[in-house]
Amino acid sequence: MSKKHRNTSLTKQDRHTVVPTNQSMMVGTSISSLAIPSAAFPLTIVEAAGVSAVRRCVTLIANAIAGQRWTEWEGEPANRLPVVSRIVKRPAASMTRREWVWRVVASMALTDVSYIYMVGGVDDEGVPGSLLPLPKEAISPTGLVDPWGIFPPSQYTIAGVAGSVSGEAVIPVRSAFWPGVPVHLQGILQMARNSLMSAWASDSYVSRYWQAGGTPVTQITTDQELDNTQADAIAGRWRDRRSKGPDYPAVLGKGAMAQPWGADVSQQLAIEARRDIAAEVANLFGIASHYINVNPPGSSMTYSNVQDEALSLDRFTLSGFYDPIQDVISDLLPDERFMLIDMTRLTRAAQESRFRAWAIATGNKAWMTSAEVRTEEGLAPNDDIEVMQEAQVEGAKAAADSFGNREVTQPETNAETAEVA
């Protein structure tokens, strides 16, 4: 019996829709990449990924989640299964699980949604054969569409290919739900357009600044009257000499003087402004600013450690991305089964602290066994350790029995001694 909120009534035609060709994908990509950022249009993903702060935030989130192991559980209380299902081991047949997670998380970080296209039919348990992650730009709803995203579309068009696929074959994986905002306007690229445009403009200005060898805008003034030809000649000479490098001075006649005009990115005020812009981008992604090499004034990391920092990152940032993935995969598994992404590799303490905690957990009034500890540390079972522990237990029992016998015979010895006396 499949889960209530999962529809497995897909037809074979819905499951095996024609895969878009490379030509179609290239056309869609080229049109998207040609969009020029302005006050009216947001940045494209290609342009946003070129901003250093954006790229650092997205890679930090995606790498932190993609490298973790998946576990499968069943029942209540939960029992961890030693052998995981096929989609838990490899969600998509055409890519590794790490690549699959990276694509889904990166799409959610930039657009708040990633679409999962179920292909390959279903097995005897109703589990789809393969889950293909699609970015928001590669899929569009068709037919009757609810602009607020409350009711899912009944059909989708993938990569502009003629025809459509059933809405039952597509699962939106969302990291955020903004009430009152249409689905196509959700995401950082649309909702935080001004902040990202500022970061993009800052990087572009700095690039032009250094490529030009200094302040990119220069004002040349003179008291002489100049016509257009003379002004263009002076400007052209200035550009020619500047393009050759600092070893070629520009000689200007008619009393012309070149003065800097515009912002100097090497000034402290400009440097602080760029740091504020980068910190704002990190704040949009829920990342601490020091991860992008920006330390706010007055902040200190003296009383924090690596574990506390990782726990904070996991609780307040990463969980908003891997929790939706857990929900989607768990809904596709048979009843009573669910999947969890094990983040302990990121949040666990240092080795010395862990081993001290394990010693307490397996020592006096033990509540864990050595086999459970080895599983948590990613180690295989070891029969020799079990034998040594059993020998220690038997030795302790023998010592206790011997000590008990001595306590019983001692009073008898004292009584015999008293009688003799």
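Of the 421 residues of the protein, 33% count as buried, that is, under 20% relative accessible area, against over 50% for exposed and in between for partly exposed (1.4 Å probe, protein chains only). The model is predicted, so local features need pLDDT of at least 70 and side-chain atom pairs count only at pLDDT 80 or more, while totals for chains, interfaces and linings use all residues. Residues are numbered from 1 along each chain as its sequence is written, and side-chain values use heavy atoms, with hydrogens and water left out. The protein holds 15 helices and 11 strands. These are DSSP runs numbered from the N terminus, with at least four residues for helices (H or I) and at least two for strands (E). Contact means heavy atoms within 4.5 Å. Among contacts between residues at least 6 apart in sequence, 66% join residues at least 24 apart.

Ala278, Val281 and Ala282 are the buried residues of H10. They line one face of the helix, because they fall within an arc of 100 degrees when seen down its axis. The arc is taken over the directions from the helix axis to the C-beta atoms. The face turned away from this buried side carries exposed Leu269, Asp276 and Asn283. Glycine 286 follows H10 and has a positive phi, near 75 degrees.

Two packed helices are described by the angle between their axes and the distance between the axes. Here axes are lines fitted to C-alpha atoms, for helices over the stretch in contact, and angles run from 0 to 180 degrees between N-to-C directions. The axes of H4 and H10 come within 9 Å and cross at roughly 30 degrees. H4 and H10 are therefore roughly parallel. Angles under 35 degrees count as roughly parallel, over 145 as roughly antiparallel, 65 to 115 as roughly perpendicular and the rest as oblique. The H4 and H10 crossing is right-handed. Ala53, Val54 and Cys57 of H4 make the contact with Ala278, Val281 and Ala282 of H10.

The axes of H8 and H10 also come within 9 Å, but cross at roughly 140 degrees. H8 and H10 are therefore oblique to each other. H8 passes H10 in a left-handed crossing. A crossing is left-handed if the near helix is turned anticlockwise from the far one by less than a right angle, and right-handed if clockwise. On the H8 side, the residues are Ser195, Leu196, Ser198, Ala199, Ser202, Asp203 and Val206. They meet Arg274, Ile277, Glu280, Val281 and Leu284 in H10.

Most residues other than glycine have a negative phi, and most peptide bonds are trans. A cis peptide bond joins glutamate 76 and proline 77, with omega about 5 degrees. Proline 77 sits in the loop between strand S1 (69-74) and strand S2 (79-80). Asparagine 293 has a positive phi, near 65 degrees. This residue lies in the loop between H10 and helix H11 (306-332). Asparagine 293 is exposed, at 70% relative accessible area. Glutamate 336 likewise has a positive phi, of about 75 degrees. Its place is the loop between H11 and strand S11 (337-342). Glutamate 336 counts as exposed, at 55% relative accessibility.
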